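Hi everyone, thanks for making time. Let's have a look at this one together.

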Amino acid sequence: MKQTFVHDISHQLQSAVFSSGLTTKLICLFCIIGYCLSFSPQCVRVLAVIPGRVMPPNFWIWTFFTHSFIELHLWHTIIDIIVVFLYSKMIEPLWGTKELLKFYFIVTIPNALVVTFAYIMFYGFTFHEEYLFERPIYGLASFLGAYSVVIKQIMPDTILATTPLLKLKQDHVPLIIVMTSIVLWLLRAVPIHFVIMLSFGILISWTYLRFFQPHHNGTKGDMSTTFSFASFFPPLIAPVISVFANTIFELFVKIKLCQPYVKKSNVMSTSSLTITIPGADAADADRRRQKALKALNDRMKIKDSTTEAWPELDDAQQSPLLPATTHQVDNSSVKIDMNNLMDISSSRKDDLNQQATTS
């Protein structure tokens, strides 16, 4: 079982590497280069975001672009590369290279600003200068969190694993990785900025995909119910989250940060009523296409396993459970004479007629 799992992962990763686009390969290449440069403290100081250096009079603004490529640990780098390659294999063909690159900077740059502001607030509460100069902000955690949101949008309600207690769906992945990052931070396996970047990477990516991402049909965002903010949470607390999210959305509409939610209805025909949700057509079509491809791959795997499990029993490969002797039937030894059958049937009819007349 373990060998099969490792073989499947390695096969998928190999196919993802060769089929990935230019943006994906550049991100992974820069991650490898950033990890190699991380052995130099001076390079980390120049390329990672340091809150005290981005403020006046230094203005190290370029670090907002370079911080995501720096990783100090090898296992962080390996996870980044694997996730980027596997997820980009599904995302880049749907979006294109330019949209994926734009999405990368939309997620990583504002995230670095958020963590920088958080560190400044920590300094204001504690007056520890380490938050300004000794704690660099780095890593691709925000982009990994954003990827979990994109996969949820493309393949909602996809079951990843089944347990006796519950079913693990793709909708649960963003919340699970946030809770896991908090546990790792409590165990001091990751720094605090990792938790902040992962959480806000999910929030920023959902905001962009929900309200602002342009589609080919001229609409923006994805207003489908399967992509609401409450759908990220368990059903028990989803109604409470929905009320809170709707309140924030109405506030953003009033200050004109978001467009109001509008449904377009077509009532030209009295026999049907068509309601169009902005941004949902393209997103739903992509989700249906991904589900169809996944179902087709699963069926092909089942077919291949069935073919391998039931080989043909010929003379060269005979099952050891069967006896060694074989009985062959000569096709020419079984003959049916139609003339004799006709004579027998006609004689039986004559006998029946004679019995009828005598009676």
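Before that, a bit of housekeeping. This is a predicted model, so to speak of local features we need pLDDT of at least 70, side-chain atom pairs count only at pLDDT 80 or more, and totals for chains, interfaces and linings use all residues. Residues are numbered from 1 along each chain as its sequence is written, and side-chain values use heavy atoms, with hydrogens and water left out.

Okay, salt bridges. By that I mean a side-chain nitrogen of Lys or Arg within 4 Å of a carboxyl oxygen of Asp or Glu. How many salt bridges do we get by this rule? The count is three.

Let's take lysine 102 and glutamate 99, where the closest N and O atoms are 3.3 Å apart. Both sit in helix H7, residues 97-126, and because they're three residues apart there, about one helical turn separates them. Helices here are DSSP runs of H or I with at least four residues, strands are runs of E with at least two, and the numbering goes from the N terminus. Are these two partners buried or exposed? Buried is under 20% relative accessible area, exposed is over 50%, and partly exposed is in between, with a 1.4 Å probe and protein chains only. Lysine 102 has 36% relative accessibility and is partly exposed, while glutamate 99, at 12%, is buried.

Next, glutamate 130 pairs with arginine 135, with 3.6 Å between the closest N and O atoms. Glutamate 130 is partly exposed at 28%, and arginine 135 is partly exposed at 27%.

Then there's aspartate 171 with lysine 152, at 3.2 Å between the closest N and O atoms. This pair links distant parts of the chain, 19 residues apart: aspartate 171 is in the loop between strand S2 (167-169) and helix H10 (173-186), and lysine 152 is in helix H9, residues 141-154. Both aspartate 171 and lysine 152 are buried.

Now for the helix I promised, H12.

Which residues of H12 are buried? They are Ala238, Ile241, Ala245 and Phe249. Looking down the axis of H12, these fall within an arc of 70°, so they line one face of the helix; the arc is taken from the directions from the helix axis to the C-beta atoms. Over on the other side of H12, the exposed residues are Pro239, Val240, Val243, Phe244, Glu250 and Lys254.
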